[in-house]
Amino acid sequence: MKKITLLVFGLIQTFAFSQTQDLTTLAAGDHVGMNALFDDKDNLYGYVSIYSYGKSGDKTKKFEYVILDKNLNPVANKEFEGDITATSYWGYVDFKGQIILKPSMMDYSLIKSREVFTPVSMVINPKTNTITRKVYYDYLEDGSFKEINEPKSWKEQRKENRDEKKDKGYNYVSAVGELKEGGYFAVEYKDYGKYENNNSLMKFDENKKEVWRYKYNTDGTKKIYTTLSVLERDDNYMYCIMKKVNEKQKTFTLLVLDMKTGKETSNKLVTGLSDDTTANIDSFYSDYRKIDNDKTFDDKVVLVGRNYDDSQSVGFARMMVDKKDFTTDTKTINYEPNIAAFLPKVNKNGMVENGYILQTKDMYFMNDGSVGILSEKYKPAGQYNAPKTTDLVYIYTDKDFKVKNVQVFEKEKSKWVNSDYLFSQYLNGGKDVVFFYRDYQKDEVTRQKKWNLFINTVIDGKFKQEIIPISEKDNYQVTPYVAKEGYILLREYNTKDKYNKIRLEKLNY
C-alpha cells in the first residue's frame with residue numbers, strides 16, 4: 001500500500017483551470033476501475049478508484065479502494081478482502097451515506113466452474129474509514145429471516161431450486177431490502193414456472209417484526225393474474241402500477257399504498273395509453289442498456305416510456321403522477337407526425353436516412369414537466385458491415401409534452417462504436433441541462449482526424465455548443481468522466497507505459 005500524495009499541475013491552455021491526480025501513485029495494486037460516486041439524490045459525492053492485488057485465499061482476493069473528493073483530493077483508502085469471483089467494483093452512495101462497492105464484473109479464472117458464486121458487495125463507512133461485507137437477508141416461507149453470510153455456488157443454488165420444485169411444485173421466491181426510515185421491505189411469491197401467484201409486499205420494523213402485508217394475485221393462473229410495478233416510494237406512500245389480466249382483457253390502475261399501514265389510499269384507473277405502453281412505462285431499455293426514465297419532484301413523479309401501437313414502437317409516452325390527489329396525466333408524441341414536423345426524414349418507427357434508426361441515449365426532466373429526449377442515429381452491424389453512429393438528435397418538449405423543438409447535432413460517422421454520447425448533468429438546480437459527446441473530426445489542412453469534446457447546454461430552452469480539441473499522444477487514451485457543475489474530468493492512460501492520470505478541467509459555460 002502506497003502513501004497517498006496530492007499532485008497539482010497547470011495543464012492545457014484551452015481550459016480555464018486544471019487539477020491533476022496520478023492514479024498510479026495512490027496504491028501499489030493494479031488499477032482495475034474508477035467511477036464517479038453519486039448520493040441517493042443524484043448529487044456528485046466524489047470518486048472511487050479500485051486496485052487489485054490478486055488472489056489472497058481459496059475464495060478471496062485482495063483489493064484496495066481510494067476515495068477522492070469532488071476536487072480530486074484523496075480523502076480515504078484501505079485494503080480489503082473481496083470475493084475471488086470479483087474483477088472490480090462499482091461504487092455508489094446509499095441513503096445512509098455509506099459507500100457501497102458493488103461487484104462490476106465476474107472473474108471466472110481463479111476458481112473451478114462448479115464452485116463459481118456471485119460476489120457480494122462491500123460497505124464503506126466514510127466516517128470511520130472501515131469496510132465490511134454487505135449483510136444480506138433471506139425471508140423464508142415460514143416467516144423468519146435468515147442472514148446470508150457466504151453466497152452459495154451457482155451449482156448448489158440450481159440443485160436446491162430443482163429439489164424444491166420437485167417437492168412442492170413451485171419455487172418460493174423472496175427479496176429483502178432496507179428502508180431509509182428504518183426497518184425492512186420484502187416481496188414474496190410462488191413461482192410455478194409458467195405463472196406465479198400468492199404475491200405479497202411486506203414491511204418490517206428494525207427488529208424484523210411484520211408491520212403490514214399487502215397481498216395480491218393470490219389465485220393467479222396463466223390466463224388470469226395481477227402484477228404490481230413499484231414506480232416510487234417516499235415516507236408516506238408507495239406508488240404502483242397494478243395490471244389485472246383476464247384472458248385478453250387488461251386494466252391498469254395507479255395503486256397508492258400507505259407506507260405506515262399498508263392499506264390502499266387510492267386505486268384509480270390509468271387511461272389514455274395503449275396496453276403495451278402502460279405495461280412498460282416503468283422501464284426504458286435501449287441498446288440492452290437501462291435508461292433512467294423517471295424523476296421525482298416534490299409534487300409529482302414523471303415517467304417517459306416508449307409509445308406502442310400494435311406492439312411496434314412509434315414514439316414516446318409521458319405519465320405524470322400527481323402526489324397530492326393521486327391522479328395520472330398521460331400524453332404521447334409519435335415519430336409521425338409530431339417529430340417528423342421538425343425532422344422530415346424520420347418514419348413512423350424512428351427510422352431515418354440510409355438504414356439508421358434513432359436510438360435513445362438519455363432523458364432530462366425539468367421542474368415544469370417538460371422533457372428532453374436525446375437520441376443518436378445508429379446503424380446496427382450487418383453480415384459484412386460494422387455498426388455505425390452519426391448525428392445526435394435532441395427532442396425537446398414543453399410542459400404539456402408537445403414537441404417544442406428538435407435540434408440536430410451533426411458529427412462524423414463513427415464505426416465499430418455503439419455511441420459517441422458520453423453523459424449529462426443537470427444545471428441550476430435542475431432547471432437546465434448540459435450533455436457531452438465526443439467526435440473524431442478531420443482537420444481541414446492535415447486531413448487527419450482529431451478528438452473533439454462537444455459541450456452542449458440547454459439553458460432556458462436555448463441551445464449552445466462549445467467545441468474543445470482534446471490532444472492524445474500515440475497509444476494514449478483519454479476518457480471523459482462526469483464532474484462537479486462547471487467542470488469535466490479527463491482520464492489519460494497508457495497501460496504499457498503505466499501512465500494513468502486524471503485531471504479536472506473548468507468549462508466556460
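Here are some questions and answers about the predicted model shown above.

This is a predicted model in which local features need pLDDT of at least 70 and side-chain atom pairs count only at pLDDT 80 or more, while totals for chains, interfaces and linings use all residues. Residues are numbered from 1 along each chain as its sequence is written, and side-chain values use heavy atoms, with hydrogens and water left out.

Q: How many helices and strands does the protein have?
A: Helices (H or I, at least four residues) and strands (E, at least two) are DSSP runs, numbered from the N terminus. By that count, the protein has three helices and 37 strands.

Q: Which residues touch the most other members of the largest nonpolar core?
A: A nonpolar core is a set of buried Ala, Val, Leu, Ile, Met, Phe, Trp, Tyr and Cys residues joined through side-chain atoms within 4.5 Å. Here the largest one holds 32 residues, and strand S36 (residues 487–494) gives the most to it, with four residues. A second, separate core of 25 residues includes Phe297, Phe316, Leu343 and Val371. In the largest core, the residues with the most touching members are Tyr47, Phe436, Leu453 and Leu489.

Q: What is the bridge partner of tyrosine 92 in S7?
A: Strands S6 and S7 (residues 99–106) run antiparallel and are joined by seven bridges. Within S7, the partner of tyrosine 92 is isoleucine 100.

Q: Is serine 153 buried or exposed?
A: Buried means under 20% relative accessible area, exposed over 50%, and partly exposed in between (1.4 Å probe, protein chains only). Serine 153 sits in the loop between strand S11 (145–148) and helix H1 (154–168). Leaving aside neighbours within four places in sequence, serine 153 is in contact (heavy atoms within 4.5 Å) with Arg114, Glu115, Val116 and Phe117. At 14% relative accessibility, serine 153 counts as buried.

Q: Where does proline 337 lie?
A: This proline is joined to glutamate 336 by a cis peptide bond, with omega about 5 degrees. Most peptide bonds are trans. Proline 337 lies in helix H3 (residues 335–339).

Q: What relative accessible area does tyrosine 288 have?
A: Tyrosine 288 is found in the loop between strand S20 (285–286) and strand S21 (289–290). Its phi is near 65 degrees, a positive value in a residue other than glycine. Tyrosine 288 is exposed, with a relative accessible area of 82%.

Q: What relative accessible area does phenylalanine 401 have?
A: Phenylalanine 401 also has a positive phi, near 60 degrees. Its place is the loop between strand S28 (388–397) and strand S29 (403–409). Phenylalanine 401 is buried, with a relative accessible area of 1%.

Terms used
Two strands pair if DSSP finds at least two bridges between them.
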